[in-house]
Amino acid sequence: MPKLNIKSGRIELVHGAGGRATQQLIQELFLPYFDNEELSQQQDAATLNLPAGRVVMTNDAHVVNPLFFPGGDIGCLSIHGTINDLAMQGAIPNALAVSFVLEEGLALKDLQRVVKSMSEATNDAGASIVTGDTKVVEHGNADGMYITVTGIGVADPRYELSGKRAQAGDVVLLSGTLGDHGIAVLSQREGLSFKTDLQSDTQSLNDLVQVLLKAAPDLCCLRDPTRGGVATTLNEWASQSKTGIVINENALPIKQTVLGACELLGLDPLYIANEGKLLAICPPNQAEACLNAMHAHPKGQEAAIIGELQTDPHNFVVLNTHFGGQRII
């Protein structure tokens with residue numbers, strides 16, 4: 001069987017049939033980027049030796065159009081999203097399982113680009129892809145590719161991160177600017193294309209989280225505000241903690257480019273997806289230490305205290321606006 005023609009070849013249905021073509025795809029495209037001791041066994045499941053601690057597991061499916069966008073692609077996005085889900089529980093990522101659904105006709109060079117991006121993101125986070133699966137569907141039945149990633153990490157049992165632990169008086173912090181990812185992706189959508197130099201904020205946050213846990217050991221909860229944005233996360237926390245949350249519009253770090261795009265499209269930046277930012281709630285006596293720790297880290301230099309929790313039987317999330325009024329979000 002001739003070698004894969006990465007430069008001009010395309011995915012065919014036979015690549016998902018489990019035979020020689022599938023093995024060739026694994027050997028010539030996936031293993032050169034993902035290879036490690038566990039994966040090289042090429043078993044249907046990986047056997048892991050996990051360090052002591054509380055095991056944290058997550059699963060995340062990734063669909064994005066277009067596959068490539070300013071600052072990232074579906075590959076690094078799938079890794080960052082899974083790593084961050086683990087990190088928000090205080091876990092250090094260990095092992096990942098990856099499943100691809102590929103569309104017939106997908107260019108092999110595009111698949112290679114995505115796989116390379118995934119490899120770099122995994123290595124940066126200190127994790128490994130230890131097992132996976134590939135399926136191919138007929139042309140027109142997928143937007144190029146879909147990627148599902150399952151992640152396992154280990155968390156220090158001393159930390160319990162949950163919105164239920166938050167209470168009135170606690171402080172809300174945001175690690176950086178809002179809406180960068182969502183607007184960067186929208187700028188590339190067919191029919192919506194508009195010119196912007198904005199880059200997606202997609203990145204893994206596990207290193208930032210470990211710094212925060214040391215700076216604020218009584219941290220209540222963490223969340224990466226992806227789909228639904230900051231507004232949705234805050235409403236979930238208000239419900240879990242049985243409190244209200246008040247945030248200040250003047251304190252929100254938002255790039256002017258994002259504000260302009262949201263005004264153009266009729267969107268609220270509080271509801272725009274982020275892929276490299278986190279929200280945190282901590283006791284007021286540790287808020288300054290938490291903020292300083294973020295500012296000292298490359299991924300938190302634009303962090304800000306944006307609000308606080310208050311007693312509210314309705315569990316509303318309220319925005320204090322620029323103009324001195326309030327609105328429920």
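Q: Buried means under 20% relative accessible area; with that in mind for this predicted model, why is phenylalanine 34 counted as buried?
A: Phenylalanine 34 has a relative accessibility of 8%. The cut-off is under 20%, so phenylalanine 34 counts as buried.

Q: How many aromatic pairs does the structure hold, and why is the pair of phenylalanine 30 and phenylalanine 34 called stacked?
A: There are 2 aromatic pairs. For phenylalanine 30 and phenylalanine 34, the ring centres are 6.2 Å apart and the planes meet at 15°. Rings pair if their centres lie within 6.5 Å, and planes under 30 degrees apart count as stacked, so this pair is stacked.

Q: Where do phenylalanine 30 and phenylalanine 34 lie?
A: Both belong to helix 1 (residues 20-34), where they sit 4 residues apart, about one turn of the helix.

Q: What makes phenylalanine 30 and phenylalanine 100 a stacked aromatic pair?
A: Their rings are 4.9 Å apart, centre to centre, with 25° between the planes. Pairing needs centres within 6.5 Å and stacking needs planes under 30 degrees apart, so phenylalanine 30 and phenylalanine 100 form a stacked pair.

Q: Which parts of the chain does that pair link?
A: Distant ones: phenylalanine 30 is in helix 1 and phenylalanine 100 is in strand 4 (residues 91-103), 70 residues apart. Phe30, Phe34 and Phe100 together form one aromatic cluster.

Q: Is phenylalanine 100 buried or exposed, and how do you know?
A: Its relative accessible area is 4%. Buried means under 20%, so phenylalanine 100 is buried.

Q: How do you know that arginine 113 lies over the face of phenylalanine 68?
A: Arginine 113 is at 3.9 Å from the ring centre of phenylalanine 68. The distance limit for a charge over a ring is within 6 Å, and arginine 113 does lie over the face.

Q: What is the volume of the largest pocket, and which residues are closest to its centre?
A: The volume is about 790 Å³. Of the 37 lining residues, Asp60, Thr226, Arg227, Ala273 and Glu275 are the closest to the centre. Helix 6 gives the most to this lining, with 6 residues.

Q: Which residues lie nearest the centre of the second largest pocket?
A: Among its 27 lining residues, they are Ile26, Leu39, Gln43, Gly132 and Asp133. Strand 5 supplies the largest share of that lining, 7 residues.

Notes
Residues numbered from 1 in each chain as written. Predicted model: local features only at pLDDT ≥ 70, side-chain atom pairs only at ≥ 80, totals over all residues. Heavy atoms only, no water. Phe/Tyr/Trp six-rings, centres within 6.5 Å; stacked < 30°, edge-to-face > 60°. Helix = DSSP H or I, 4+ residues; strand = E, 2+ residues; numbered from the N terminus. Buried < 20%, exposed > 50% of the residue type's maximum accessible area, 1.4 Å probe, protein only. Lys NZ or Arg CZ within 6 Å of the ring centre and 35° of its normal. 1 Å grid on protein atoms, 1.4 Å probe; cavity = no way out; pocket = protein on both sides within 12 Å on 5 of 7 lines; lining within 4 Å. Points joined across faces, edges and corners; volume = space filled by probe spheres on them.
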